[in-house]
Amino acid sequence: MVFRNLGNGRFEELTEAGPGVAAAHCSRGCAFGDFDNDGDIDILIVNLNEPPSLLRNDIRGKHHWLKIKLIGTKSNRSAIGARVVLHYGSRTQAQEVISQSSFYSANDPRLHFGLGDETSADIEIRWPSGLQEKFKAVAADQLVVIKEGAGVLAGAGWSR
């Protein structure tokens, strides 16, 4: 089953989400991430006794996004436990870097934020070490790599 977030605290089921969703499988887990590095979230489903199913999100929309990869130095290198808060327009989103998310699977460790029509966001990071960092007006539609205590690593990410 696939649901779309309507943005008002409600979801709708997508009954016509494509052949990958319509096909019957006995599945045990799934991982979410940008497998093809095109700026949207894809889904890898772990199926029992058969190859996994990759549901690629190839819809081209006009909305913006920001992907963040954290590298810990004083904290653990994978930045597990780091909390990122994004402020954009009148909205706020928060995510934490975690090591796993589902049975037999782990999500992309890069944090993905949908920004809607906004073209930049302010980033706040609370690292496991206790360090707090802030970055203002970071441009949308790119992967930003941030190293603990060193800031944004120029040229380490990518943009659409």
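These legends describe a set of views of one predicted protein model. In this predicted model, local features need pLDDT of at least 70, side-chain atom pairs count only at pLDDT 80 or more, and totals for chains, interfaces and linings use all residues. Residues are numbered from 1 along each chain as its sequence is written, and side-chain values use heavy atoms, with hydrogens and water left out.

View 1. Helices (H or I, at least four residues) and strands (E, at least two) are DSSP runs, numbered from the N terminus. Along the principal axes, the C-alpha atoms fill a box of roughly 50 × 35 × 30 Å. Buried residues make up 31% of the 160 residues; buried means under 20% relative accessible area, exposed over 50%, and partly exposed in between (1.4 Å probe, protein chains only).

**View 2. Strand β6 (residues 64-71) pairs with β9 and with β12.** Seven of the eight residues of β6 are buried, so the strand is largely enclosed by the rest of the structure. Strands count as paired if DSSP finds at least two bridges between them. With strand β9 (residues 111-116), β6 pairs in the antiparallel sense over five bridges, and Leu111 in β9 is the bridge partner of Ile68. With strand β12 (residues 142-147), the pairing of β6 is parallel and runs over six bridges; here Ile71 stands opposite Lys147.

**View 3. Asp34 and Lys67 form a salt bridge.** A salt bridge is a side-chain nitrogen of Lys or Arg within 4 Å of a carboxyl oxygen of Asp or Glu, and by this rule the count comes to six. The closest N and O atoms of Asp34 and Lys67 are 3.6 Å apart. Asp34 sits in the loop between β3 (27-33) and β4 (42-47), while Lys67 belongs to strand β6, 33 residues apart. Asp34 is buried at a relative accessible area of 2%, and Lys67 is buried at 1%.

**View 4. Glu96 and Arg83 meet in a salt bridge of 3.3 Å, N to O.** Glu96 is in strand β8 (residues 91-96) and Arg83 in strand β7, so the pair ties together parts that are 13 residues apart in sequence. Glu96 is partly exposed at 42% relative accessibility, as is Arg83 at 32%.

**View 5. Asp122 and Lys136 form a salt bridge.** Their closest N and O atoms are 3.9 Å apart. Asp122 lies in strand β10 (residues 120-126) and Lys136 in strand β11 (residues 132-139), 14 residues apart. Asp122 counts as partly exposed at 25%, whereas Lys136 is exposed at 63%.

**View 6. Gly81 lies in the loop between β6 and β7 (83-88).** Gly81 counts as partly exposed, with 42% relative accessibility. Apart from its neighbours within four places in sequence, Gly81 is in contact (heavy atoms within 4.5 Å) with Val97, Arg126 and Pro128. The C-alpha atoms of Gly81 and Phe11 are separated by 28 Å.
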